[in-house]
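This briefing goes through one protein chain by topic. Keep the sequence and the coordinates open while reading.

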Amino acid sequence: MQVTLLGTGDTTGTPTPGCDCDTCERARELGVERTRFSVHVHNEATDESLLVDISPDFRHQMLTNEVALPDAALVTHIHFDHLHGLGNAYRLLSSLPVHAAAETDPETGESVAETVASEYDYLDAVTVTGHDTHDSFEVCGFEVTFVPVVHPPLVCYGVRIDHGDASLAITGDTNFGIADASREVLRGADLLLADGITPASRCQYHPLGGDHHDDEGVPRTFGTKHMTIEGARDLAAELDADRYRVLHVSHFTQAEQAFEDPLAVDGEQYHL
C-alpha cells in the first residue's frame, strides 16, 4: 500500500490566498503547500488507486504529485473542501465508483451517498454506492470500513483501509469525542492520519473556546468541529498507531511550529 498525502490543509489551505501572516510567508519561503484535503492510496498488488475525499485542488494535486488517476473514491462528508473536486471527473475519467456512508443525516435528510449522487447526477462517469458504518466492503482490492466521527452539525466519517498486513486509518474531520466503537476500528493502524487544525493555545481566540480537556486542562478540541494538534497527538497515542501524521492543519499554527513533525505537508508518501 502506497499512501500519498495530496492535500493536508484546511478549507483555505496554506499559504492562504491574500494572507501575509508569518505562517503563510514561511510556507512560501520553504516552497511547501497544504492544499485542501485528499489522500491517494495505491494498491501495488492490483495497480489500482483509491482516493479518499476529492479536493477542489484535484487537478493541481494530480499534476504536482504525479500519481495515477483514481479507480474509485471515498467521500467522508459533504463539505466543500472534501467533495467538490468531484466535478473533475468530467472528461478525465470514464468511470469513477464513489463510496460513502448510507446513514441519513438529520440536518440534510439525506445520507452522504445520497447527497453526492444528487449533486453529481450530471456526471455519467460517477456512480455512488452507500454503505452501513462498521460493515467492511472491498474496493480496489482494499478492505474498507467507514466509522462515525463527530463533526457538527453534519455527519462525518473516519475510515480504515486494510490490505494484507498493511493498515491505514483516517479520522476524517472530527473533534476528540469519537465513540469507543469507532476508536476500536481505527486502533492499531500502521499509519494514522489525524485531524488537527491548530494548537490548543489558539482555543482562547475561538468564540466557543475548546473542549475535551486532558488532565492538565489542555483542550483537545478546537471549538466544536476539529481536534487540536495536541488532541490529534493524544488520540494517536491512545489508538496505538505505529506512525501518525496530523492533517487538516490551518495557517493559524505559529510559523515556528507549523512545519515541524508531526504536522504533514502535501506530497508526503508512505509505504505500508
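Which residues does Ser182 touch, not counting residues up to four places away in sequence? In this predicted model, Ser182 touches His134, Val147 and Pro148. Ser182 belongs to helix H5, residues 180–186, and has a relative accessible area of 2%, so the residue is buried.

**Annotated domain**
- An unreviewed UniProt entry places the feature "domain: Metallo-beta-lactamase" at residues 35–212.

- Strand E3 (residues 48–52) pairs with E4 in the parallel sense, over three bridges. Val52 has Leu74 in E4 as its bridge partner.
- In a regular strand, side chains alternate between the two faces of the sheet.
- In strand E4 (residues 72–75), Ala72 and Leu74 point one way while Ala73 and Val75 point the other way, and all are buried.
- Thr76 sits in the loop between E4 and helix H3 (80–83). Thr76 counts as buried because its relative accessibility is 1%.
- Leaving aside neighbours within four places in sequence, the contacts of Thr76 are Val52, Asp53, His82, Val112, Cys156 and Tyr157.
- Thr76 and Ile170 are 94 residues apart in sequence, and their C-alpha atoms are 9.8 Å apart in space.
- His77 is also in the loop between E4 and H3. With a relative accessibility of 0%, His77 counts as buried.
- With neighbours within four places in sequence again left aside, His77 is in contact with Asp53, His82, Leu83, Val112, His151, Val155, Cys156 and Asp173.
- His77 and Leu191 are 114 residues apart along the chain, and 21 Å separates their C-alpha atoms.

**The E12-E13-E14 sheet**
- Strands of a sheet pair through backbone hydrogen bonds, either parallel or antiparallel.
- An open sheet is formed by three strands in the order E12-E13-E14, with antiparallel pairing. Strand E12 (210–213) and strand E14 (226–227) are the edge strands, each pairing on one side only.
- E12 and strand E13 (residues 219–222) run antiparallel and are joined by three bridges.
- Phe222 in E13 is the bridge partner of Gly210, and Pro219 in E13 is the bridge partner of His213.
- The hairpin of E12 and E13 has five residues between the strands, and Gly217 in this hairpin takes a positive phi near 85°.

**Pocket and cavities**
- Rolling a probe the size of a water molecule over the atoms shows where empty space is left.
- The largest pocket has a volume of about 340 Å³. Its lining has 20 residues, of which Asp10, Ile197, Phe222, Lys225 and His226 lie nearest the centre.
- Six residues of the pocket lining are nonpolar, nine are polar and five are charged.
- Across the whole structure, a search finds three cavities of 30 Å³ or more. The volume of the largest cavity is about 50 Å³.
- Phe37, Ile170, Thr171, Gly172, Asp173, Leu193, Ala194, Asp195, Leu247 and His248 line the largest cavity. Strand E11 (residues 191–195) gives the most to this lining, with three residues.
- By class, the lining of the largest cavity has five nonpolar, three polar and two charged residues.

**Backbone geometry**
- Most residues other than glycine have a negative phi, and most peptide bonds are trans.
- Thr14 and Pro15 are joined by a cis peptide bond with omega of about 0°. Pro15 lies in the loop between strand E1 (2–7) and helix H1 (22–30).
- Another cis peptide bond joins Asp261 and Pro262, with omega of about 10°. Pro262 lies in the loop between strand E15 (243–247) and strand E16 (269–271).
- Asp47 has a positive phi near 60° and is not a glycine. Its place is in the loop between strand E2 (38–43) and E3, and Asp47 counts as exposed because its relative accessibility is 58%.
- His248, also not a glycine, has a positive phi of about 60°. His248 is found in the loop between E15 and E16 and counts as buried, at 3% relative accessibility.
- His248 is also one of the residues that line the largest cavity.

How values were computed:
Residues are numbered from 1 along each chain as its sequence is written. This is a predicted model: local features need pLDDT of at least 70, side-chain atom pairs count only at pLDDT 80 or more; totals for chains, interfaces and linings use all residues. Side-chain values use heavy atoms; hydrogens and water are left out. UniProt positions are given in the numbering used here, feature names are shortened, and annotations may be inferred rather than shown by experiment. On a 1 Å grid over the protein atoms alone, a cavity is a set of points where a 1.4 Å probe fits but cannot get out, and a pocket is an open set with protein on both sides within 12 Å along at least five of seven lines; lining residues have an atom within 4 Å of a point. Grid points are joined across faces, edges and corners, and a volume is the space filled by probe spheres set on the points. Ala, Val, Leu, Ile, Met, Phe, Trp, Tyr, Cys and Pro count as nonpolar, Asp, Glu, Lys and Arg as charged, and the others, Gly among them, as polar. Helices (H or I, at least four residues) and strands (E, at least two) are DSSP runs, numbered from the N terminus. Buried means under 20% relative accessible area, exposed over 50%, partly exposed in between (1.4 Å probe, protein chains only). Contact means heavy atoms within 4.5 Å. Two strands pair if DSSP finds at least two bridges between them.
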